[in-house]
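Thanks for making the time this morning. I would like to walk you through one model, starting with the fold of a single chain and ending at the place where two chains meet.

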Amino acid sequence: MSDYLDRFGRDQSTCHRWPPLVKLYVAMGLILAATCAPITHGPLLGLIACAIFFVHSLARIPLAFVARRLFFFWPPLFLMALSLPLSQGCRAGWLMSATIICRGTLSFTTALWLVNVMPFDQLLATLRRLRLPSVFLAILALMYRFLFVLWDELDRMRTARQVRLFRKPSLWEQWQQGAQMLGRLLIRALDRADRVHGAMMARGWQGETRWLEQRQKDQR
Amino acid sequence: MHIQDGVLSPAVCMATGALSLSAVAYSLHRLKESVGDRTIPLTGMMAALVFAGQMVNFPIGAPVSGHLLGGVLATTVVGPWAGCIAMTLVLFVQWALFSDGGLFAFGANVLHMAVIGAWGGHAVRLLVQRFVGDSHKGIVVGSVVSAWCSVMAAAALFCFEFRLSWPAGEIDFSKVFAWMVSFHSLIGVGEALITGVAISFVLNQRPELICRAGTSVRLLHKGDLLPETGKSSGPTVATSITRTLAAGLVIALAIAAFLSPFASSFDDGLEAVLSKLNITEFNLTPSVPGLFEDYDKVPVPLASWQAIAVSIAGIGGTLAVFGLALLLGKALPSGTAAMTSEVAGE
């Protein structure tokens, strides 16, 4: 599952070896530039797009991967952007929707780059260096760990449902079963949180988080 | 649902960012002072649950499917403070892993889905529970109504932010809002349905898991009974007033969503405020004079008809949600949930 999320996060390229803060600032600068550039300044937007393309190729992220992510990203953005001119009877608002699509796409590809050059543990370490509250980061770290556990749980429940179903459920039944699956997952998750808490207590958990500073350096 | 970068102007992004930063900081403060070591794994699990829960698809048409938002679900189980933190983390991980939602629009996303979803949802649920009662039925009805209200309030707030972000005159905003509101009223009904069925299922199976009014986070171990609203968990007068105010605000926003298409005069008022505050230079897109002329050529009868249609849809949606809430509440003790749980279970 980790491969699915940040697939190229553990590659070794020029971009991956940059210090984490530099990566973060580069991404923020590119997104800021993309969201502030006016749509009428074509060359400027082209320049930003080139810069994004450049960092992507520096990180050796395959173009096909970016294209696939864009394929899933675009429909909701287009829906949102095109609702503007469509609601005006196609007479106005084209410039606005073009702006939204342009800025959205540029910032999305930049964020995609950041995700794929910065593994999650590195992101956590960076956030800690930026002095975010440690409780917040502890919850975030645990959430990331639990995510995979719950995904597996959900997968098992899906399999169990498929095995026991002999016909295609109607639309209403699908909704009902989905919501009840959520409820069941909720119960199991809370029970697991209880067990995890017990295990943490058994290992000396006293409500504060201790980070291993060294771990980050060793991994690099 | 996520707002991407570029939809809102930098000024609006900064304002919403500041608002949600303070809201999240306050939640974190309350979370730290209210409970001990148990909160951290519990909140982390809740955040992971909402994230995983959004992977469950609810089919609408052939290619289109919806999913849970989860703010009200989280807040019903772990309380408003932990719920707000959990939703913020969900949004953060969605940005950090899927690049869903923008970096600079993150504040707006947190405000809409985490703060309104958790704080507003909690306030509305408690308000409804005061009328329906603290029973299981009250919890289900309250969560259904608050799920719907929180989606509509978020939609109204988005319309307002969107209006602030773009220069007037280029397009007729009331029509955009009409689209937005009709779309979100559907999302709201879906969210209410999912939340209601999931919570009534949990109430059927393990009622002690659901957070009762007044207790902010489940403190006790499995098997212990939660304290009834007594000396430790009884809300003080001040918090009850704040809660009622918050609930009123969310409900007002939800209602405002349906009035927004009517707000053609609102445009002028807002413009006046903007020019008075001298913040028009934040609008980065130059308005095009050629498109400007179309603005007042919009046939008025059509516009008002549309607005009326949206309002009727809104009233219909509200009635549908209340009917749904009562039905779910009534159907609670029956065995249907238990029967289908075998299918969903292992």
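Before I read out the pattern, a word on terms: a helix here is a DSSP run of H or I that covers at least four residues, and helices are numbered from the N terminus. Please keep in mind that this is a predicted model. With that in hand, chain A reads along its sequence as α-α-α-α-α-α-α-α-α-α, which comes to 10 helices and zero strands. Chain A has 220 residues, of which 52% count as buried, and among its contacts with a separation of 6 or more, 73% are between residues 24 or more positions apart.

If we set aside its neighbours within four places in sequence, A:Leu140 touches A:Phe120, A:Leu124 and A:Leu127 in chain A, and B:Leu89, B:Phe92 and B:Val93 in chain B.

That brings me to the interface, where 90 residues of chain A are in contact with 85 residues of chain B. The area buried between the two chains is about 8,100 Å², and carbon and sulfur atoms give 77% of that. How many salt bridges does the rule find across the interface of chain A and chain B? It finds one: B:Arg206 pairs with A:Asp191, with the closest N and O atoms 2.9 Å apart.

Definitions and conventions:
Residues numbered from 1 in each chain as written. Chains lettered and ligands numbered in written order. Predicted model: local features only at pLDDT ≥ 70, side-chain atom pairs only at ≥ 80, totals over all residues. Heavy atoms only, no water. Contact = heavy atoms within 4.5 Å. Helix = DSSP H or I, 4+ residues; strand = E, 2+ residues; numbered from the N terminus. Buried < 20%, exposed > 50% of the residue type's maximum accessible area, 1.4 Å probe, protein only. Buried area = accessible area lost by both parts, 1.4 Å probe. Salt bridge = Lys/Arg side-chain N within 4 Å of Asp/Glu carboxyl O.
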